[in-house]
Each structure stands twice: as structure tokens, then as C-alpha cells.
Amino acid sequence: MTAARVRVALVPPAPGTLPPEACAVAIDVLRATTTLAVARRNGAAAIVPFATTGEALALRARLRDTLACGERDGRIVEGFDLGNSPMEFTRERVSGKTLAFASTNGSRALLAAARCRRKLLGSFATLSATVDALRDEPDIWLVCAGKLGRFALEDAACAGTITAQLQAAGAGPANEEARLALTLACATADEVHAIVTGSEHGRWLATLGDPFAADVEFCATVDKLDACFGW
Ligand code: MLT
């Protein structure tokens with residue numbers, strides 16, 4: 001059997017440009033894909049990503065049972081129903097709802113995978129379940145959200161950790177970014193915690209206040225959720 005190919009994008013390519021035949025994993029550890037996994041675990045029916053907040057509001061206006069959610073500068077957008085904290089997306093709030101989601105970076109990673117055959121939400125909170133979900137996939141793209149078009153350490157480390165665990169199962173890194181991400185792979189939960197809380201975005205979020213610092217702690221914890229979710 002041909003070894004599975006794992007490719008990584010350290011920043012999101014343009015919307016819809018990842019190959020349709022691939023299984024894509026969008027990775028925005030802080031905080032979008034961690035938050036959206038919680039939302040799916042709590043029964044959110046669908047996630048529709050948008051680059052702009054106006055598009056999210058427009059979908060809410062058109063579609064019943066739709067919530068506008070996401071952030072700008074880390075905070076809830078005026079007029080939105082929810083921000084981007086995993087703590088907000090409770091079963092009471094999101095069960096059965098469509099999420100019109102507009103965040104700064106996470107949305108771009110989801111949009112890059114728009115045409116892919118299978119689309120998964122990747123994070124450290126769902127690490128083991130995500131690796132399990134990928135074991136039989138022949139063609140994998142791990143797309144990191146980054147930060148404003150720049151490299152983000154926590155996302156690359158998550159991509160590297162997934163690649164390392166898949167490599168142990170026979171898969172191979174199939175581009176330079178995957179090989180680079182492998183050098184950031186975490187072997188322990190403590191390493192994950194140190195990288196995420198010490199990252200530029202992690203430290204910045206913590207300056208916004210206690211609720212944001214609590215979000216960083218949540219996102220820095222391995223396997224908080226025992227399932228992997230798609231959109
Ligand atoms: C993003 O999508 O840019 C991030 O998730 C922002 C944030 O931490 O809220």
C-alpha cells in the first residue's frame with residue numbers, strides 16, 4: 001500500500017485552492033478550530049465560514065436557526081450572537097444551529113479547504129481523535145491559519161505533531177512545510193502547553209483578560225475532546 005502523503009500549508013492558500021481529492025484539516029489552535037470543535041460536539045448543525053463579518057450577518061438574515069459568530073481583534077463583533085471563545089458555544093446556545101463564522105485567521109484556513117472531499121477541524125484539544133480520523137486517508141493537507149498571513153508557532157506545532165503521529169503509522173511528509181512542521185512536533189502534553197501558552201498569539205490573548213487567558217489554557221490542553229469533527 002502506498003504511504004499516505006501529508007502536506008502542510010503554514011499559512012492559508014487562497015479560498016478553494018486545496019485539491020478536491022484531498023482530506024483537509026484546518027488548524028487554528030488559538031482559537032477558531034478548537035472553538036468550532038466544541039460547537040460541533042455541542043450539536044451545532046453546520047459551519048459556514050466567511051472572510052468578512054458582513055457576509056456572516058447576511059447569511060443570518062437569510063437563513064433560519066443561524067447564529068453569526070466570530071471575532072475581530074479577539075473580541076466579539078458588534079451585532080454578532082457569539083464571539084470566538086470555546087466557553088460560549090454551549091449546547092443550549094448552538095444545538096441545531098448553523099454557525100455563520102467569521103474570524104480573522106481561522107476562517108481563511110476553512111475557506112482554503114472549501115472544495116476538499118473531506119474537511120476536518122484540527123487542534124490539540126482533538127489531537128488523538130484527529131490522528132485516528134486520518135489513519136486511512138491517502139492524501140492529507142494540514143492547513144494552518146497562521147496570523148494575518150504570517151506563520152503561527154502553535155498551528156505549525158500542531159501540524160507537526162499530527163504529521164509525526166501519522167508518520168509512526170507509515171505516512172510520509174510530502175512537502176517542505178511538512179518537513180519543517182515535523183521539527184516542531186510535540187512529544188508530551190507539557191510541550192504542547194508550553195508552546196501554546198508561550199506563543200505570540202497566546203500571550204497576546206491573555207492580555208485581553210481572564211476569560212481569554214482561560215481560553216488559552218483550554219486550547220493548550222491535549223485531548224480535551226474525544227472526537228474529531230468536520231464541517
Ligand atoms: C482567528 O481566527 O484569527 C483566531 O481564532 C482569533 C482569536 O483568537 O479569536
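**Figure 1. Helix α9 (residues 200-206) contributes three residues to the lining of the largest pocket, the greatest share of any element.** This is a predicted model, in which local features need pLDDT of at least 70 and side-chain atom pairs count only at pLDDT 80 or more, while totals for chains, interfaces and linings use all residues. Residues are numbered from 1 along each chain as its sequence is written, and side-chain values use heavy atoms, with hydrogens and water left out. Helices (H or I, at least four residues) and strands (E, at least two) are DSSP runs, numbered from the N terminus.

**Figure 2. The largest pocket has a volume of about 230 Å³.** Among its 18 lining residues, Glu71, Thr104, Asn105, His201 and Trp204 are the closest to its centre. On a 1 Å grid over the protein atoms alone, a pocket is an open set of points where a 1.4 Å probe fits, with protein on both sides within 12 Å along at least five of seven lines; lining residues have an atom within 4 Å of a point. The volume is the space filled by probe spheres set on the points, which are joined across faces, edges and corners.

**Figure 3. The ligand sits in the largest pocket.** Residues around the ligand (a heavy atom within 4 Å) include Glu71, Asn84, Ser103 and Leu205. Oxygen atoms of the ligand make polar contacts (N or O pairs within 3.5 Å) with side chains: the distance is 2.8 Å for Asp28, 2.6 Å for Arg31 and 2.9 Å for His201. The protein covers 99% of the 270 Å² of accessible area (Shrake-Rupley method, 1.4 Å probe) that the ligand has on its own.

**Figure 4. A cis peptide bond, with omega of about -5°, joins Leu30 and Arg31.** Arg31 belongs to the loop between β2 (23-27) and α1 (32-41). Most peptide bonds are trans.

Note on methods
A polar contact is a pair of N or O atoms within 3.5 Å; within protein, one must be able to donate a hydrogen and the other to accept it, and residues adjacent in sequence count only if both atoms are side-chain atoms. A molecule sits in a cavity or pocket if more than half of its atoms lie within 2 Å of its grid points.
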